[in-house]
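Hi,

Here is the structure I said I would pass along. Please open it next to this message, and my notes follow below.

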Amino acid sequence: MTSTQPCPAGSYCPSNTYFTTNSIYYEAILCPVGTYNDLQSKTQLSDCKPCPAGSYCMTEGLTAVSGTCAAGFFCSTNGVYETPAFTEASNNYGPCPVGHHCAAGASTPTA
């Protein structure tokens, strides 16, 4: 049996619909890590919202942020981990630098 449903939150569907056949989904593309989408019927990758400053989005297909970055770490945008082990190349997230303070949910280190 095949039915047409609206595109689910946590994903986007270029055709604005997805199809279910025996509980297998077609046409829905999950939002990537570092993003989330809390609304249905979205059609573009740009509809996946960047994880906001101070938060992280750990897995694909999220409908809300995974949580707040832990104390001792910072997440400016598109954070992926609660406790990132290294500073990401564009300095969006990482451990708090020596001599700085990073409270839980910090978007930038404080000197």
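Let me begin with Asp 47, which sits in the loop between S6 and strand S7 (49–50); strands here, like helices, are DSSP runs numbered from the N terminus, with at least two residues of E for a strand and at least four of H or I for a helix. This is a predicted model, in which local features need pLDDT of at least 70 and side-chain atom pairs count only at pLDDT 80 or more, while totals for chains, interfaces and linings use all residues. Residues are numbered from 1 along each chain as its sequence is written, and side-chain values use heavy atoms, with hydrogens and water left out.

Around Asp 47

Asp 47 counts as partly exposed because its relative accessibility is 23%; buried means under 20% relative accessible area, exposed means over 50%, and partly exposed is in between (1.4 Å probe, protein chains only). A polar atom of the Asp 47 side chain lies 3.0 Å from the backbone nitrogen of Thr 43. That is a polar contact, meaning a pair of N or O atoms within 3.5 Å; within protein, one must be able to donate a hydrogen and the other to accept it, and residues adjacent in sequence count only if both atoms are side-chain atoms. Leaving aside residues up to four places away in sequence, Asp 47 touches Tyr 36, Asn 37 and Lys 42, where a contact means heavy atoms within 4.5 Å. Asp 47 and Cys 31 are 16 residues apart in sequence, and their C-alpha atoms are 8.6 Å apart in space.

Strand S6 (residues 35–36) includes Thr 35. Thr 35 has a relative accessible area of 9%, so this residue is buried. The Thr 35 side chain reaches the backbone oxygen of Pro 32 at 2.5 Å. Not counting residues up to four places away in sequence, Thr 35 touches a set of residues including Lys 49, Cys 51, Cys 57 and Asn 78.

Lys 49 also takes part in a salt bridge with Asp 38, with the closest N and O atoms 2.5 Å apart. Lys 49 is in strand S7 and Asp 38 is in the loop between S6 and S7, so the pair ties together parts that are 11 residues apart in sequence. The structure holds 1 salt bridge, defined as a side-chain nitrogen of Lys or Arg within 4 Å of a carboxyl oxygen of Asp or Glu. Both partners are partly exposed, because relative accessibility is 28% for Lys 49 and 39% for Asp 38. Side chains of opposite charge can pair when their charged atoms come close.

The disulfides

How many disulfides does the structure hold? There are 5, each a pair of cysteine sulfur atoms within 2.5 Å. With the bonded cysteines numbered in sequence order, the pairing runs 1-2, 3-4, 5-6, 7-8, 9-10. Here are three of these links:

- Cys 51 is joined to Cys 57, S to S 2.3 Å. The torsion about their S-S bond is about 85°, so this disulfide is right-handed. Both cysteines, Cys 51 and Cys 57, are buried.
- Cys 69 and Cys 75 have their sulfur atoms 1.7 Å apart, and at -105° about the S-S bond the link is left-handed. Cys 69 is buried because its relative accessible area is 0%, and Cys 75 is buried at 0% relative accessibility.
- Cys 96 and Cys 102 have their sulfur atoms 2.2 Å apart, and the link is right-handed, with 80° about the S-S bond. Cys 102 is buried, with a relative accessible area of 5%.

Overall, the protein has 0 helices and 11 strands. Of its 111 residues, 32% are buried. Among contacts with a separation of 6 or more, 37% are between residues 24 or more positions apart.

Best wishes
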